[in-house]
Amino acid sequence: MVDGTERDGEPDARARTIEDREPDARARGRNRDARTADADRKRRVESAGTDREAITFGREGIRVGFLTTVPVAIGVGGYGVAFGVLANRAGLSVAEAALMSATVLAGASQIVAVELWTDPIPVAAILVTVFAINLRYSLMGAALQPWFRRLTPKQIYGSLFFMADENWALTMRELTSGSGRGAFLLGSGIAMWLFWVGSTIVGAIAGGVVGDPARYGFDFVFAAVFVALAVELWEGRSSLVPWLVALAVAVVAAELVAGRWYILLGGVAAAVVEVIRYDA
Amino acid sequence: MREPLSLDPFVVAVILAMAAVTVVTKVGGIWLVRHVELSERLEAGFSVLPGAIVIAVLGPELAAGGPAEWGAGAVVLVVMWRTESILLALCAGVAGVVLLRSILSV
């Protein structure tokens, strides 16, 4: 997809200034530049601009999002059962465990929260930990902005309530394919919500009877979704540097820093390096 | 053991506070970029976020695994690359990890 032409050539820098002034030159420039890695990066920024014109928010998007996510949500359900079991052991009632899954809808933070759950409940520690574990969602949400720009605040924030790792990944895949289905996140989120809450209830009722999700390979669904997404997000040579930066920083940070900060650190490091490389 | 449907008001309050904190993290990022004008340079930075986040999630996840997870990860990669079907890739990956774990643990 990228032929490896020099990306930082003078002509490109000039083209960029012209493009900034003239929309027509920009459109022509897009075709011509599509061969260079630099333009590839630029096209992404611009095509985000085109995509947002064509974004829709309707039943069709909800339906497709829901159906695409069901198989993944079944795998996530393995974790919901595990969470239900842990919540039950921590002393939460079935209704309380279900309420947590229905309103928080963020697996890792819920599991850690019930592990911290003692009597009296360490409220401050739980809230700070939940915030720290879930801060990565800010970055994930911000990554959706190019497509969500045209949606109403109600549509955006309503959809984001249902965002979890797996359906964010599926939504990125859908939107980068150019389908313009703005309601995909909401539909996929509803699927996640139903299976997450349902499996929590099963786990909380069944208590210790249920086995380890690893026995059925459910624990691998999470990694598998992200490997599949990585394949789709690969944009050729222009992806190489940011990905290597993200990988190196995340792996090192995971060793050194407790919790899930490594996701945030890896993502931010890649973005910072890209900002520095831009025009350089 | 507590009644399945019992709701302790304090527990409910803690859960709702957890929910509020989580909602802030989920909407906070996009709220910020919607209300701050981004330069082209910054937007280029944001455009690498999706891939970078995926890799940042994946790297430590796979590093914490072993040969079975790495092998199954490769299976997902190849199936996804060849078929572009997420369902097929997931099924192959889960089947692969179960198979590899049973082989490697012998």
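In this predicted model, helix α4 of chain A passes helix α12 of chain A in a right-handed crossing. The two helices, residues 59–89 for α4(A) and residues 184–206 for α12(A), pack at an angle of about 25° with their axes 6 Å apart. Angles under 35 degrees count as roughly parallel, and α4(A) and α12(A) are therefore roughly parallel to each other. Sorted by class, the residues in this contact are 21 nonpolar and 13 polar, with no charged ones.

Here is a tour of some other features, grouped by topic.

**Other helix packing**

- Helices α11(A) and α12(A) pack at an angle of about 150°, and their axes are 9 Å apart.
- Angles over 145 degrees count as roughly antiparallel, so α11(A) and α12(A) are roughly antiparallel to each other.
- Where α11(A) and α12(A) cross, the crossing is right-handed.
- Between the chains, α8(A) packs with helix α1 of chain B, residues 9–35, at an angle of about 45°, the axes being 6 Å apart. That angle makes α8(A) oblique to α1(B).
- The crossing of α8(A) and α1(B) is right-handed.

**The second largest pocket**

- If you are thinking about volumes, the second largest pocket has about 510 Å³. It is lined by 24 residues, and those closest to its centre are Tyr79(A), Gly107(A), Ala108(A), Phe222(A) and Arg260(A).
- Which helices supply at least two residues each to the lining of this second largest pocket? In chain A they are α4, α6 (107–116), α8 (136–143), α11 (165–176), α12 and α13 (221–233).
- The helix that gives the most to this lining is α6(A), with four residues.
- By class, the lining of the second largest pocket has 15 nonpolar, three polar and six charged residues.
- Two helices of the packing described above, α4(A) and α12(A), are among those that supply at least two residues of this lining.

**Backbone details in chain A**

- Where does the peptide bond from Asp119(A) to Pro120(A) stand, cis or trans? This bond is cis, with omega near 0°.
- Pro120(A) sits in the loop between α6 and α7 (123–134) of chain A.
- Leu105(A) is not a glycine, yet has a positive phi of about 50°.
- The loop that holds Leu105(A) runs between α5 (94–103) and α6 of chain A.

**Annotated spans in chain B**

- An unreviewed UniProt entry lists residues 12–33, 45–65 and 85–104 of chain B under "transmembrane region".
- In the model, residues 12–33 of chain B are 100% helix and 0% strand, and the end C-alpha atoms of this span are 32 Å apart.
- For residues 45–65 of chain B, the span is 86% helix and 0% strand, with its end C-alpha atoms 30 Å apart.

Conventions. Residues numbered from 1 in each chain as written. Chains lettered and ligands numbered in written order. Predicted model: local features only at pLDDT ≥ 70, side-chain atom pairs only at ≥ 80, totals over all residues. Heavy atoms only, no water. Axes fitted to C-alpha atoms, helices over the stretch in contact; angles between N-to-C directions. Parallel < 35°, antiparallel > 145°, perpendicular 65-115°, else oblique. Left-handed = near helix turned anticlockwise from the far one by under 90°. Nonpolar A, V, L, I, M, F, W, Y, C, P; charged D, E, K, R; others polar. 1 Å grid on protein atoms, 1.4 Å probe; cavity = no way out; pocket = protein on both sides within 12 Å on 5 of 7 lines; lining within 4 Å. Points joined across faces, edges and corners; volume = space filled by probe spheres on them. UniProt positions renumbered as here; feature names shortened; annotations may be inferred.
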